[in-house]
Structure formats: structure tokens, C-alpha cells
Amino acid sequence: MAYAPAHTFDSLPMGLDPEPDESVGSYCLRSLSAHGLGMHWLRKTLGLTYSAHPTQEHWVELAHLLQASPDWLRARLPSKLESSSSSWSYCGHDLRANCFLRFRHPQVCVSCVHLRGCCLALWDFSFVTACPFHKRLLIDHCSHCGKSLGWDRPAVDVCRCGRVLTSRGNISSSAACHAVGAAIAAHLRNERPTASLFSDVGMPSFLAELSLGGLMGVVLAFGEISKPNEWVAPSAIVRGHTTEQWAAIIDRAGDRLRQLDESHQQAADLSPVVSATLLRRVLRYSLSVSDLQVARLLYSRLFGPPFRRSSPIEGQLELFE
Ligand SMILES: [Zn+2]
Ligand SMILES: [Zn+2]
């Protein structure tokens, strides 16, 4: 990456304090906006390509340029995991699919963004589709010009078209979307989601045992397919969706996961609408013994015994058997 060393450019005159739960995209946008600058200028200064998002390797330059807290930046900037180009570490969690994060396609709760004046790191997660406070879907498109939101907008609550972001109406969110969103919020607070979060909406309580990446992997495997026997392309792990499409994926996953508490026969009936490929991916990249155990249980109930694989945590599985 060819970017200018920190000493070749000056810091911006005003240093803003980040909010503890703010996203880096939001913080950069607020800092730039306060100086009449935009994300395009920042990318050019850092040597980033069009639409690229700052990562961990830019923390020194960003700390200097924005007069930002190095500790906050280092904790909040995402980094690519070396093992795979589609894997990220973000907010202390390993996520094995590009599609789990929305750095290039931000979404907001219109009410929160006006009230708080910033965007939350929580909204960077694709499976967070609803605001827990305002009980409606986040938006990722401008209701005026219809274009998708980007970070290259004039302010956190203003679209590229220059108009203030407004809601498209009260698109209410489902119980499954709220359960998954609340579980992700708990993980970001370094808390384990409570089992009742899922059981209260009829979903299996073992979802609370999964890592953040494991939870998203299982929800994707159960919700990606909309029609029986639909083929899931390898691009499913990188493909972005709109907020409404992600909400639909969570709703489908919620409906299908509820059926797991029924008989084995009904669980097997789910096999045409659950992606074996994506479930095997959870097995392959399981980050904890619970991830591995849950993925194996689900796979065997739907598709029969999973093939043997080597996993860094395979040896610990007997603890649970
Ligand atoms: Zn809100
Ligand atoms: Zn617009």
C-alpha cells in the first residue's frame, strides 16, 4: 500500500472525540465534514482506492491526520485476516465472510442518526437490520434519490444528493431480526447473549452459545436459500444485500430454525432450503467448540454425518461428547 508517511501531511485543525460505540466510517465522515472535506479526500490522502474503507494498517496516519485517539482507532479499525481474503477481524471478533460486514454499504437508523449525530459500529454488521429503540428497519438507501448510502456523503445524516436522510415510512422489523440484532449487540459488549433472547421468539436457544461469526454463519446457511434446492454460488459469502434482503434472510432462517425443535423428520424436510455448503463452511471455520458442536449437530440432522475435517479445535470436541 503506497500511502504518504504521516509527517508529509498536516493534521486537520480540529480533533473530534469519537463516541464509544461509533463506527470508524462515521468518525472519519464527521471529522472530514467539520473541515469541509469528504471521504474522497481522505482516500486520496491515504492512497486508498475508490470505495475502499480504512483498515488497521492506516491507524498511524488516521491518528495523525484526524488528531484521533490511537487506542480508539486501533480498537475500532477492521483488519483482514491473513488466512483468507474474505475474512475480517472487527470489534474483537473474527468474521469469515465479506458479506457479514457493510463497510462499503452503510446503513442507519434515521431517528438515531439525527439524535446521536453519529453512526454506530453495530450498524456495520449485515445481520443487524433493525433499531432496537425505534423498532423499525435501518435504511441503506436514500428515500429522495433512491441511491444507496455511501460514506462519501456530506454529513452522517445527509445523502450524497444533499438532502437530509428520512425514513421511507415505518417498516417494522420482525422478532427474529430483533433477536439476532440483540445477540450481535451483546457480543460487541463482550457479553454472551442470553438463551431467552432466542427462545422467547421460538428460535433454538443453542444459538446463544455460538461465537458472533458462528451465529452469522448459521443464520446465513438457514436463510440464504429462498426456493427449495436453489443453488448457492460461492459468491454468497461476498455478496452484499440490501437491509431489507438481509432482514428477509433472517426471517427465513428464523422460521426454519424454529422447525428444528420439531421431529427429526421435519428437520430432514428442511434440507432442500438450507445450504449444506454454507453449513459446512461454519464447520470448517468454527471458532469455538460450541460452533463446531452446533454446526455438526445441525448438519447431521439435515444432511447426515458430516465428512471428517481437521479443525484447530477438533481435539477439544470430546469435552462435549
Ligand atoms: Zn434508532
Ligand atoms: Zn439522496
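The protein has 12 helices and 3 strands. Both are DSSP runs numbered from the N terminus: helices are H or I with at least four residues, strands are E with at least two. This is a predicted model, in which local features need pLDDT of at least 70, side-chain atom pairs count only at pLDDT 80 or more, and totals for chains, interfaces and linings use all residues. Residues are numbered from 1 along each chain as its sequence is written, while chains are lettered from A and ligands numbered from 1 in the order in which they are written.

**Overall**

- Of the 321 residues in the protein, 39% are buried. A residue is buried if 20 or more other C-beta atoms lie within 10 Å of its own, exposed if 12 or fewer, and partly exposed in between, with C-beta atoms placed from the backbone.
- Take the contacts between residues at least 6 apart in sequence: 63% of these join residues at least 24 apart. Two residues are in contact if their C-beta atoms, placed from the backbone, lie within 7 Å.

**Helix 8**

- Helix 8 has 12 residues and spans 17 Å from its first C-alpha to its last, close to the expected 16 Å. The expected span is 1.5 Å times one less than the number of residues.
- Among the buried residues of helix 8 are Leu-212, Met-216, Val-219 and Phe-222.
- Packed against the buried residues of helix 8 are strand 3 (93-95), helix 6, helix 9, helix 11 and helix 12 (289-303).

**Helix 8 with helix 11**

- The axes of helix 8 and helix 11 (residues 276-284) come within 8 Å and cross at roughly 165°. Axes are lines fitted to C-alpha atoms, for helices over the stretch in contact, and angles run from 0 to 180 degrees between N-to-C directions.
- Helix 8 and helix 11 are therefore roughly antiparallel. Angles under 35 degrees count as roughly parallel, over 145 as roughly antiparallel, 65 to 115 as roughly perpendicular and the rest as oblique.
- Helix 8 and helix 11 cross in a left-handed sense. That is, the near helix is turned anticlockwise from the far one by less than a right angle.
- Helix 8 contributes Gly-214, Gly-217, Val-218, Leu-220 and Ala-221 to this contact, and helix 11 contributes Leu-278, Leu-279, Arg-281 and Val-282.
- By class, the contact of helix 8 with helix 11 has 6 nonpolar, 2 polar and 1 charged residues. Ala, Val, Leu, Ile, Met, Phe, Trp, Tyr, Cys and Pro count as nonpolar, Asp, Glu, Lys and Arg as charged, and the others, Gly among them, as polar.

**Helix 11 with helix 12**

- The axes of helix 11 and helix 12 lie 8 Å apart, at an angle of about 155°.
- This pair is therefore roughly antiparallel, and the crossing of helix 11 and helix 12 is left-handed.
- From helix 11, Ala-276, Leu-279, Arg-280, Val-282 and Leu-283 meet residues of helix 12 including Asp-291, Arg-296, Tyr-299 and Phe-303.
- The contact of helix 11 with helix 12 has 9 nonpolar, no polar and 3 charged residues.

- Helix 9 (residues 243-259) has 17 residues and reaches 25 Å from first C-alpha to last, close to the expected 24 Å.
- Buried residues of helix 9 include Trp-246, Ile-249, Ala-253 and Leu-257.
- The buried residues of helix 9 pack against helix 6 (175-188) and helix 8 (212-223).
- Helix 6 and helix 9 have axes that come within 8 Å and cross at roughly 100°. The two are therefore roughly perpendicular.
- Ala-176, Cys-177 and Val-180 of helix 6 make the contact with Ala-247, Ile-250, Asp-251 and Gly-254 of helix 9.
- The contact of helix 6 with helix 9 divides into 5 nonpolar, 1 polar and 1 charged residues.

**Local points**

- Ala-63, in helix 3 (residues 59-66), is partly exposed, with 19 other C-beta atoms within 10 Å.
- Beyond its neighbours within four places in sequence, Ala-63 contacts Ala-68, Pro-70 and Leu-73.
- Gln-67 lies in the loop between helix 3 and helix 4 (70-76). Though not a glycine, Gln-67 has a positive phi of about 55°. Gln-67 is partly exposed, with 15 other C-beta atoms within 10 Å.
- Asn-190 is in the loop between helix 6 and helix 7 (195-199). Asn-190 is not a glycine, yet has a positive phi of about 60°. With 9 C-beta neighbours inside 10 Å, Asn-190 counts as exposed.
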